[in-house]
Amino acid sequence: EMLFEEDKINDFQNQIIKFNKNEPFNNRVAAISSYASEQWGVKNNYDFCKIPISYLDHVNLSSELEDNNFSYKELINECQNLVEVWEPDDSTTTNGTQTFGNLFNLESKNIDILKKIIYKNIEAHKIRYKNENDLYIKKWPINRFLNGWIVNLKSGGFQDSHIHQNAWLSGVFYINVPKSKNKDGGSIKFTSKGFDYSMKKNETIEKIINPAKGDLVLFPSSLFHQTIPFNSDDERICLAFDMMPIF
């Protein structure tokens with residue numbers, strides 16, 4: 001990251017090649033290598049996930065959930081015993097709460113239904129990109145587990161841009177999406193730029209998804225994402241999760 005800021009392209013590329021050999025699954029390296037490749041217009045020498053935004057998937061699960069007698073209200077009730085913290089110190093959440101403890105470890109009807117459907121969509125995600133050469137697909141972890149938590153944002157709430165350092169794939173399932181009084185409020189924004197990286201040109205790749213209740217969004221964990229602040233009398237509630245590899 002320092003070499004990128006100093007425009008030392010050759011030194012940067014040499015370091016990336018070393019990381020590619022010795023530490024091939026580092027999301028932070030993947031993030032800066034992807035961004036530098038875009039900004040400098042050079043080859044991305046880190047093979048994990050060269051253009052993470054190209055793996056962004058968005059689908060609505062309402063029909064499948066209805067077929068399985070899923071209840072949003074019961075899901076929230078099933079998560080009541082999880083510890084809920086207002087603006088946790090180790091998170092990017094502002095004007096909202098986040099639960100702690102893996103909700104997928106709870107044995108309950110609606111969590112089990114949702115877990116099975118999420119795994120089904122994760123498998124479809126992998127198959128959809130089966131012909132890609134990135135290690136994100138080629139070295140897809142056989143052994144993995146889901147770690148999930150609830151994020152509840154109040155009016156004016158948001159989450160700053162971040163990646164999920166130790167995960168492989170991340171996702172969001174939307175439980176309640178209020179209608180915002182401001183444009184794109186409550187939407188999720190994806191971009192290759194993060195961590196105060198400087199701009200070497202006047203643009204960067206980005207995509208904004210305006211989610212609806214029942215939507216599922218999947219993306220590589222090295223992809224920067226953030227919630228756009230919203231203005232509403234209602235709460236924005238989602239279930240965020242990571243697919244964690246077990247090596």
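Author: Let's start with a term: a residue is buried at under 20% relative accessible area, exposed at over 50%, and partly exposed in between, using a 1.4 Å probe and protein chains only. This is a predicted model, in which local features need pLDDT of at least 70, side-chain atom pairs count only at pLDDT 80 or more, and totals for chains, interfaces and linings use all residues. Residues are numbered from 1 along each chain as its sequence is written, and side-chain values use heavy atoms, leaving out hydrogens and water.

Reader: Is Y72 buried or exposed?

Author: Y72 has a relative accessible area of 18%, so Y72 is buried. F173 is buried too, at 0%.

Reader: How do I read an aromatic pair?

Author: A pair of aromatic rings is described by the distance of the centres and the angle of the planes. Rings of Phe, Tyr and Trp (its six-membered ring) pair if their centres lie within 6.5 Å; planes under 30 degrees apart are stacked, over 60 edge-to-face, and the rest tilted. By this rule there are 23 aromatic pairs here. One of them, Y72 with F173, is stacked, with 6.0 Å between centres and 5° between planes.

Reader: What pair do F190 and F219 form?

Author: That one is edge-to-face, at 4.9 Å centre to centre and 65° between the planes. Both F190 and F219 are buried.

Reader: Which ring does the charged end of K213 sit over?

Author: A charge sits over a ring if NZ of Lys or CZ of Arg is within 6 Å of the ring centre and within 35 degrees of the ring normal. K213 has its charged end over the ring of Y72, 4.4 Å from the centre. Likewise, K200 lies over the face of F4, 4.8 Å from the ring centre.
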